[in-house]
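Colleague: Could you walk me through this one, starting with how the helices pack and then moving on to the strands?

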Amino acid sequence: MDADIIIKKIIENTGKCFEEVNRTILNKQQELSNLVSKDGAAYIVAKEMGLDLFEKTQRRLEIKNVVSGIKNLNLNARIFRIFPPKEFEYKGKKCKVANVILSDESGTIRMSLWDTQLDLLEKNKLKVGQAVEIFGAYTRDNSGIPEIRLSRRGGINILEDSDIPFGTKEEMVRTDICNIQEGKKYEVRAALVQIFNTGLIYEMCPTCKKRVKKEGSEFVCETDGKVKPEYLIVLNGVIDDGTGNVRTVLFRDDAVKVLGVDLEKIIEIGPSLLSEVKTLGKEFIFEGSLKKNKMFNKSEFVISGIKDVNVKEEANTIINSLSKK
Ligand SMILES: [Zn+2]
């Protein structure tokens with residue numbers, strides 16, 4: 001970049017006149033014992049004035065444009081949410097995974113950190129709201145939704161000074177069940193209208209998370225012997241909102257909430273309580289996404305959260321949507 005262009009930029013940005021800027025540059029050149037060219041001096045002056053001469057010609061990659069199958073991904077984003085790490089056993093090996101939700105103005109995306117990569121969270125003292133650069137990453141498909149993973153050379157840098165906005169909420173679209181498509185997160189107002197009489201309660205080993213066998217009044221893990229089991233609650237059913245219905249699967253707290261029965265009670269009574277659920281037909285706000293259940297080759301709305309219907313909020317939503325029309 002030569003001095004004339006830099007001078008022009010300084011004038012544009014500061015409102016100073018040509019003479020003044022030119023003199024400052026020549027003075028700078030002298031100050032540096034004429035060891036730098038006029039171009040070099042102009043560059044130094046511009047920098048001292050806080051001007052960024054090398055405006056990024058490359059636009060930042062937006063999260064909404066991140067697709068599955070990218071081999072070398074660099075992404076600047078803001079940490080939206082950090083989930084606590086989970087440990088489990090896979091093919092006989094102990095694994096640790098922590099999910100981090102990244103956001104920018106265009107949306108959110110999940111990044112899974114595995115095993116030693118979890119140290120990055122500690123080392124960088126990552127927290128919600130921080131702007132980060134993800135490098136050496138790649139994306140893979142997770143039930144139709146792209147997900148970020150780090151390669152061996154990958155890592156996370158903290159960006160101290162960044163204009164990336166903090167996503168105000170996870171990309172969540174309120175919709176009717178008849179409009180749900182795979183690969184997107186939705187919120188629907190619907191009622192559970194049917195419950196399938198499936199397992200409901202799975203006893204798991206608290207150490208290796210494998211299912212345990214019941215032997216008499218005790219639970220035995222193949223690997224860890226007698227254990228006090230953890231309970232996994234899985235509820236399968238159908239939700240309906242009047243525009244359509246969809247098979248759905250609810251886990252843990254979500255299942256407990258929709259059943260309207262305490263976890264202890266569910267464990268005590270067992271699957272037989274499914275025949276007398278009192279919340280059938282009760283409306284909730286379900287958040288989730290439609291995923292292909294490969295085992296049954298059917299699509300299921302996998303619930304990731306449930307809220308009670310807040311009548312006041314709902315009324316406002318309706319009024320707002322009417323006033324937009
Ligand atoms: Zn075990």
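Modeller: Gladly, and please keep in mind that this is a predicted model. A3, I6, I7 and I10 in helix 1 meet K38, D39, A42, Y43, V45 and A46 in helix 3.

Colleague: What classes of residue make up the contact of helix 1 with helix 3?

Modeller: That contact has eight nonpolar and two charged residues, with no polar ones.

Colleague: And at what angle do helix 1 and helix 3 pack?

Modeller: Helix 1, which covers residues 3-14, packs against helix 3, residues 38-48, at an angle of about 20°, and their axes are 8 Å apart. Because angles under 35 degrees count as roughly parallel, helix 1 is described as roughly parallel to helix 3.

Colleague: Is the crossing of helix 1 and helix 3 left-handed or right-handed?

Modeller: The crossing of these two helices, helix 1 and helix 3, is left-handed.

Colleague: Okay, strands now. How many bridges join strand 1 to strand 5?

Modeller: Strand 1 (residues 73-82) and strand 5 (residues 131-142) run antiparallel and are joined by five bridges. If you want a place to look, find L73, which stands opposite A137 in strand 5.

Colleague: What about strand 5 and strand 6, how many bridges join them?

Modeller: There are 11 bridges between strand 5 and strand 6, the latter being residues 145-159, and these strands also run antiparallel. Here F135 stands opposite G155 in strand 6.

Colleague: Which residue takes a positive phi in the hairpin of strand 5 and strand 6?

Modeller: That is S143, whose phi is near 50°, in a hairpin that has two residues between the strands.

Conventions:
Residues are numbered from 1 along each chain as its sequence is written. This is a predicted model: local features need pLDDT of at least 70, side-chain atom pairs count only at pLDDT 80 or more; totals for chains, interfaces and linings use all residues. Side-chain values use heavy atoms; hydrogens and water are left out. Axes are lines fitted to C-alpha atoms, for helices over the stretch in contact, and angles run from 0 to 180 degrees between N-to-C directions. Helices (H or I, at least four residues) and strands (E, at least two) are DSSP runs, numbered from the N terminus. Angles under 35 degrees count as roughly parallel, over 145 as roughly antiparallel, 65 to 115 as roughly perpendicular and the rest as oblique. A crossing is left-handed if the near helix is turned anticlockwise from the far one by less than a right angle, and right-handed if clockwise. Contact means heavy atoms within 4.5 Å. Ala, Val, Leu, Ile, Met, Phe, Trp, Tyr, Cys and Pro count as nonpolar, Asp, Glu, Lys and Arg as charged, and the others, Gly among them, as polar. Two strands pair if DSSP finds at least two bridges between them.
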